[in-house]
Amino acid sequence: MIVVAGEALIDLVPQGTGALASLRPALGGGPFNTAVALGRLGSPTAFCSRTSSDAFGEALLDGLRRDGVDVSAVQRGPEPTTLAVATVDAGGSAAYSFYVDGTADRLFTAPAALPEGTRAVSFGTCSLVLEPGATAYEELMRAAAAQGVLTALDPNIRPGLIPDPDAYRARFRRWLPSVSLLKLSAEDAEWLGGTPREWLAEGPAAVVVTHGGDGLTVFTRDGEHSVPGEKVDVVDTIGAGDTVNAALLHGLAVRDALSPHAVARLGADDWTALLRFAARAAAITCSRAGAEPPYASELGGALDAD
């Protein structure tokens, strides 16, 4: 079982140009997208979060269930669902503004135990910023790491949600001893102000950096390995990084490498195959509107073939 911990929200995606373009609601949130992508790839997945009992909250849970994600660990509350208003530029890149005050997901409390059979827990995005939930997710991360569970972190920086960047950067460094796999974009790495080698020294077994259409690089204690991006006509990049998260975790599961020690033992051939698989999965997501990660059938034997 792979557990994805973090927010589920509604993306309001513009259907035209200009400030007053019509907005289409879409299911979203980095952790939500990661859980859906894992479900579509066929990995047993559970979602650990707190969602609203409003209509948006019900739609989010229905979306998870449709792709086979276990939602029994999801907490519920009467507060509204978080909203994210997306802006998509001419190249398909998305930026967001958030409506988060008093919403349900930020009142998450750490569960007493992880679901039975949990081998990995994935964290990231808004849930690690918005209090009091951020502290609860941090508590869960440290507890999982102490139990020897693989922990994956994608900070997925949203600068508009971070009132004190220096305090967040310091907090990020404090998470690293509890992180097995760190994945982040080149833009996130620049914002955080560190280097993959520095972060490796503080805990993770591997650091994966995404470079958009230019591909991915993994840094390990044995060296670094890169693969190019898959060429595709980009509609938008919504959910691409979340698809990379899911593809990496699914690939580790296929290799029976869902543990910190197993990740540390992976060689160059293993990482090349994992990164190529992640690049292919993300390219499919970018080829269609919104966060629509691929199903296993769309990737065929890509993971094994490499």
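Some ground rules come before the details. Residues are numbered from 1 along each chain as its sequence is written, and side-chain values use heavy atoms, with hydrogens and water left out. Because the model is predicted, local features need pLDDT of at least 70 and side-chain atom pairs count only at pLDDT 80 or more, while totals for chains, interfaces and linings use all residues.

**The sheet**

Let's start with the strands. Helices (H or I, at least four residues) and strands (E, at least two) are DSSP runs, numbered from the N terminus. Two strands pair if DSSP finds at least two bridges between them. Strands of a sheet pair through backbone hydrogen bonds, either parallel or antiparallel.

Here, 8 strands make an open sheet in the order β4-β1-β9-β10-β11-β12-β13-β14, and the pairing is mixed. The edges belong to β4 and β14: each has a single partner strand, so one side of each is left without a neighbour in the sheet. From one strand to the next, the twist averages 20 degrees; angles run from 0 to 180 degrees between N-to-C directions, with axes being lines fitted to C-alpha atoms, for helices over the stretch in contact.

| Pair | Sense | Bridges | Facing residues |
|---|---|---|---|
| β1 and β4 | parallel | 4 bridges | Val4 and Phe47 |
| β1 and β9 | parallel | 3 bridges | Val3 and Val121 |
| β13 and β14 | antiparallel | 5 bridges | Val218 and His225 |

Strand β1 covers residues 2–5, with Ile2 and Val4 pointing one way and Val3 and Ala5 the other way. All of these are buried, where buried means under 20% relative accessible area, exposed means over 50%, and partly exposed is in between (1.4 Å probe, protein chains only). In a regular strand the side chains alternate between the two faces of the sheet.

With β14, 2 residues sit between the strands.

**Thr210, in strand β12**

Thr210 lies in β12, which spans residues 206–210. Thr210 counts as buried because its relative accessibility is 12%. What does Thr210 touch, leaving aside neighbours within four places in sequence? The contacts (heavy atoms within 4.5 Å) are Lys183, Leu184, Ser185, Ala186, Gly215, Leu216 and Val244. As a spot check on distance, Thr210 and Ala279 are 69 residues apart in sequence and 9.1 Å apart in space, C-alpha to C-alpha.

**Helices α3 and α4**

Now for the helix pair. Two packed helices are described by the angle between their axes and the distance between the axes. For α3 (residues 133–146) and α4 (residues 165–175), the axes come within 11 Å and cross at roughly 20 degrees. That makes α3 roughly parallel to α4, given that angles under 35 degrees count as roughly parallel, over 145 as roughly antiparallel, 65 to 115 as roughly perpendicular and the rest as oblique.

On the α3 side, the contact is made by Ala134, Thr135, Glu138, Met141 and Arg142; on the α4 side, by Arg171, Arg174 and Trp175. By class, that comes to 3 nonpolar, 1 polar and 4 charged residues. For those classes, Ala, Val, Leu, Ile, Met, Phe, Trp, Tyr, Cys and Pro count as nonpolar, Asp, Glu, Lys and Arg as charged, and the others, Gly among them, as polar.

Not counting residues up to four places away in sequence, Glu138 touches Leu128, Arg171 and Trp175.

**Ala253, in helix α7**

Finally, Ala253 sits in α7 (residues 240–254). With 28% relative accessibility, Ala253 counts as partly exposed. Apart from neighbours within four places in sequence, Ala253 is in contact with Ser43 and Leu258. Ala253 and Met141 are 112 residues apart in sequence and 19 Å apart in space, C-alpha to C-alpha.
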